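Let's take a walk through this model together.

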Amino acid sequence: MPDEPLLRARSLSVGYGEEPVCAPVDLDVRPGEGVAVIGANGTGKSTFLRTVLGLQEPLGGRVSLLGSPPDPRTGEVRAAVASVLGDDAFFPALTVTEHLLLTALGHRVPEAREIVTDLVEDFGLADRADALPSALSSGQRRRVLLAAAFVRPRSLLVLDEPEQRLDAGMRNRLAEMLVQEREDGGAVLVASHDPVLVERAATRVVLLHDDGVQVLDPAAGAAAIAAL
Ligand SMILES: Nc1ncnc2c1ncn2[C@@H]1O[C@H](COP(=O)(O)OP(=O)(O)OP(=O)(O)O)[C@@H](O)[C@H]1O
């Protein structure tokens, strides 16, 4: 279907057991859009992201990713959807550069070495390029995980609180990268507590509550974060 969004949720209820963690969500995410999901701690942002990625079952309603029920195992989803959630998994004997090269080569990125070198620079890791994960700070490990999402082809980028453990300079650069992503026709879905990131990178904001879901413009979304 030509008008099919990358992601569509209709009355999507997410949670654990029988218990929804927030009100049902309606959402479409299309190329060129940046959607930020905001809300107080425990309102279901991560649960929502995991559900739309097919990592957990919805409690009710409908969700489609690339036009089908989300399944992270399909080649189509693996090729088009890059995500960084809360997990922190590394090969202990591979350096920063080797992790990024592995990801790039696994996704058949042409000129992988050049792209990895540029991203190592963009993520402020040039002086740690040959370091093993055990020799990185927590913020540097976070940068490697984020760089791995940017090193591979993608139509939809899904990030769960990417600002975590990043300093102010890196948060600003990340916001710029997300704007560029949209301007290049990519789509971004990001859960965040960072008002600056949300105001700059989002085109639309979804505020999760127990009793309802509000759609806000980016400035109102940033103000809502400050008031949580
Ligand atoms: N595996 C689980 N089993 C049962 N309940 C869970 C599980 N994981 C999370 N929860 C609960 O679900 C609710 C939503 O959690 P979630 O992590 O989605 O919130 P969040 O909005 O991402 O929070 P934060 O801003 O703190 O990251 C919370 O009340 C949490 O305690």
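Before we start, here's one idea you'll need: a residue is called buried if 20 or more other C-beta atoms lie within 10 Å of its own, exposed if 12 or fewer, and partly exposed in between. Also keep in mind that what you're looking at is a predicted model.

Now try the rule on the loop between β8 (156-160) and α6 (168-183), where you'll find E161. E161 has 21 C-beta neighbours inside 10 Å, so it counts as buried. In that loop between β8 and α6 sits R165 too. Because R165 has 14 C-beta neighbours inside 10 Å, it counts as partly exposed.

These two residues also have something to show you in their backbones. Most residues other than glycine have a negative phi. For E161, though, phi is positive, near 45°. R165 isn't a glycine either, and its phi is near 70°, again a positive value.

Next, head for the inside. In soluble globular proteins, nonpolar side chains tend to be buried together. Here the largest nonpolar core has 62 residues, and those touching the most other members are L100, A147, L156, L189, V198 and V206. Pick out L156: leaving aside residues up to four places away in sequence, it touches L6, L7, V29, A80, V81, A187 and L189.

Conventions
Residues numbered from 1 in each chain as written. Predicted model: local features only at pLDDT ≥ 70, side-chain atom pairs only at ≥ 80, totals over all residues. Helix = DSSP H or I, 4+ residues; strand = E, 2+ residues; numbered from the N terminus. Core = buried A, V, L, I, M, F, W, Y, C linked by C-beta atoms within 7 Å. Contact = placed C-beta atoms within 7 Å.
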